[in-house]
Each structure stands twice: as structure tokens, then as C-alpha cells.
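Good morning, everyone, and thank you for making time for this.

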Amino acid sequence: MTSKANKAMEIYTPVTLLWDRVLMLPIVGVVDSQRAQSIMDAMLVRISETEARVVILDIEGVETVDTAVANHLIKITQATQLMGCSCVISGISPNIAQTLVQLGIPLTDVVTRATLRDAVHFALQKLGLDIRQSANAPVR
């Protein structure tokens with residue numbers, strides 16, 4: 001792969017260190033088999049590089065989910081778990097939730113949260129961390 005193609009793939013699958021040992025990958029647009037493989041590759045490399053313990057996969061920007069996409073998401077979560085990392089999927093819209101139920105996709109082993117905020121909260125709790133308002137914070 002050329003450096004230009006590598007750069008395009010990095011932009012296509014931006015795995016970001018959100019917090020110490022917490023990675024986040026926002027997914028926007030269509031997820032096909034090639035992109036799902038790129039997402040998995042990028043996540044596993046970043047887990048190894050950062051020693052992450054939680055990965056947030058935010059799918060708020062995904063418009064539709066079919067059986068293939070759901071299976072890709074499950075495989076990604078399983079692969080991250082094999083590396084000792086918890087994976088939480090956030091941003092599941094009502095339409096995608098209904099589609100997953102109608103397709104009969106088993107998500108019992110997958111941690112999900114409705115919003116990115118909830119997923120961040122889950123990640124911090126998983127690491128034994130908590131966000132608290134400082135006593136010196138300005139009063140609203």
C-alpha cells in the first residue's frame with residue numbers, strides 16, 4: 001500500500017487515544033467487509049501500541065446495519081477481547097436497534113451503551129476511575 005493510501009486509511013479509521021488506556025473509534029458511513037477489516041486491524045494495532053484496556057466503538061454515524069455489518073462488529077469486539085481489552089459499542093440509533101433485533105443478531109456478549117457519554121462513563125468505571133466536579137470549579 002502506498003503512503004497516500006495508508007494516510008487515507010488512517011483518516012478512514014481514526015483510532016484515537018481518548019484517555020489513558022481508553023481508545024475511541026467513531027464510525028461514519030458505510031461499513032463493508034474491507035472497511036470492517038481495516039477497522040479491526042487499526043484497533044488491534046492501537047491496542048498493542050497503547051496497552052488500552054477499553055475501546056469505544058461509536059457507530060452513531062452508521063446509517064444502516066445488516067447481518068454482515070453486525071457480524072463484523074461482533075468479530076471486532078471478540079478480537080479486542082482476545083487482546084485483554086473490553087469493547088463497548090455506543091451510538092446505536094433506534095432504527096439500528098430495531099434492525100439488530102429483527103435480524104436476530106445475538107449481542108448478549110457485547111457491551112452496548114446508547115450514547116458516547118454513557119460509553120465514556122463505562123470505560124472510566126471499568127478502569128476504576130470517576131469524574132467528579134472540583135471543589136474549585138465555578139458555580140453555574
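Leaving out residues up to four places away in sequence, Thr 80 touches Met 43, Leu 44, Ile 47, Cys 85 and Cys 87, where contact means heavy atoms within 4.5 Å. Thr 80 is buried, with a relative accessible area of 0%; buried stands for under 20% relative accessible area, exposed for over 50%, and partly exposed for what lies in between, with a 1.4 Å probe and protein chains only.

A word on the source: this is a predicted model, in which local features need pLDDT of at least 70 and side-chain atom pairs count only at pLDDT 80 or more, while totals for chains, interfaces and linings use all residues. Residues are numbered from 1 along each chain as its sequence is written, and side-chain values use heavy atoms, with hydrogens and water left out.

Thr 80 lies in helix H3; helices (H or I, at least four residues) and strands (E, at least two) are DSSP runs, numbered from the N terminus. The axes of helix H2, residues 33-50, and helix H3, residues 67-82, come within 10 Å and cross at roughly 15 degrees, with axes being lines fitted to C-alpha atoms, for helices over the stretch in contact, and angles running from 0 to 180 degrees between N-to-C directions. H2 and H3 are therefore roughly parallel to each other, a term for angles under 35 degrees. Among the residues that meet across this pair are Met 40 and Met 43 in H2, and Ile 76 and Thr 80 in H3.

Turning to the sheet, five strands form an open sheet in the order S1-S2-S3-S4-S5, with mixed pairing, and two strands pair if DSSP finds at least two bridges between them. The edge strands, which pair on one side only, are S1 (16-19) and S5 (111-113), and the twist averages 30 degrees from one strand to the next. S1 and S2, residues 22-28, pair in the antiparallel sense over three bridges. H2 packs on the sheet, touching S1, S2 and S3, and H3 packs on the sheet too, touching S3 and S4.

Note on methods. Angles under 35 degrees count as roughly parallel, over 145 as roughly antiparallel, 65 to 115 as roughly perpendicular and the rest as oblique.
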